[in-house]
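Hi,

Here's the structure I said I'd pass along. Have a look at it first, and then read on for my notes.

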Amino acid sequence: MSESTAKNASHLLAWYEAMGVDEAIGETPVDRFAAPAAPSSSESSAEERKRAPAASPDARVRPPKAARTSPPAASAAAPSLEEIETLADLEKAVAAFDGCALKRTAKNTCFARGNDKAKVMLIGEAPGRDEDLQGKPFVGRAGRLLDKMLATIGLDENAVYITNTIYWRPPGNRTPTAQEIGACMPFLTRQIELLEPQVIVLLGGAAAKSVLDTTDGIMRLRGKWKLYNAKGRDIPTLATLHPAYLLRTPDAKRLAWRDLLMLKARLEELAQ
Ligand code: URA
């Protein structure tokens, strides 16, 4: 390899790393610079265009409405989610589910961590690199900050149940698409129903928009109690800033602190 080719390759690797492409996901190298193969017919490319997701920024995080209620297209032999009665069985159903393409590139399924009798449920966006390696939500840097934040109001892992809107890491930690969130949403809906938390905390815009089914941004949604209806039971739900955002924007911690105090006050009220 000439010196200039090696230099270009090294710049390219640095660029990939900066974009979050930090892991090999297959055994065989793929030449992404090779000319794409021509579509087999004009009909198939029209079909592909029809299937392509809408390009609005909102479409990236809000699952289609039907996805909240329709059962996932899992294998026909899988039990319907309504028939699943325990979180342990739901975890098995998620692990067996092949309807979310992210599972193919992820190393592990990240279902939940914490106590499955907890009164407080926290929902984040998506597993990152550490979570993918360990198969548990919020175990990396953002998770450590989250644990510290919870500790300031007297909550530890035994007092909370933590999950995400999706169960597999998006490559390079990109924002999950509406389709990916939509594919996992029926499981998350059942997870909420089975846990029966007293309160739900939504961490960041992706979780807040998809669970509250709104297009409003996190700055508008945070710090306000809303109701999430789980099978006729209204669960008070609070959106707050994502710990990963707080790591990048330490100034915003004062807003998150206000939200934590709201959560603490609500839990004290519920304990009376
Ligand atoms: N960010 C999330 O939203 N979830 C995780 O599990 C880790 C980081």
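Below is what turned up, starting with the ligand and then moving to a pair of helices. Keep in mind that this is a predicted model.

**Ligand site**

The shell around the ligand is made up of G124, E125, A126, P127, E131, P137, F138, N164 and H242. Sorted by class, that gives 4 nonpolar, 3 polar and 2 charged residues.

On the backbone side, an N or O atom of E125 sits 2.8 Å from an oxygen atom of the ligand. The side chain of H242 also has an N or O atom 2.7 Å from a ligand oxygen. For N164, a polar side-chain atom is 2.8 Å from a nitrogen atom of the ligand.

**Helix pair**

How do α4 and α8 pack? Helix α4 covers residues 87-96 and helix α8 covers residues 178-195; their axes are 10 Å apart, at an angle of about 170 degrees. That is over 145 degrees, so the two helices count as roughly antiparallel to each other.

From α4, the contact uses L87, L90, A93 and V94, while α8 brings in F187, R190, Q191, L194 and L195. By class, this contact has 7 nonpolar residues, 1 polar and 1 charged.

Cheers

How values were computed
Residues are numbered from 1 along each chain as its sequence is written. This is a predicted model: local features need pLDDT of at least 70, side-chain atom pairs count only at pLDDT 80 or more; totals for chains, interfaces and linings use all residues. Side-chain values use heavy atoms; hydrogens and water are left out. Axes are lines fitted to C-alpha atoms, for helices over the stretch in contact, and angles run from 0 to 180 degrees between N-to-C directions. Helices (H or I, at least four residues) and strands (E, at least two) are DSSP runs, numbered from the N terminus. Angles under 35 degrees count as roughly parallel, over 145 as roughly antiparallel, 65 to 115 as roughly perpendicular and the rest as oblique. Contact means heavy atoms within 4.5 Å. Ala, Val, Leu, Ile, Met, Phe, Trp, Tyr, Cys and Pro count as nonpolar, Asp, Glu, Lys and Arg as charged, and the others, Gly among them, as polar. A residue is near a molecule or strand if one of its heavy atoms lies within 4 Å of it. A polar contact is a pair of N or O atoms within 3.5 Å; within protein, one must be able to donate a hydrogen and the other to accept it, and residues adjacent in sequence count only if both atoms are side-chain atoms.
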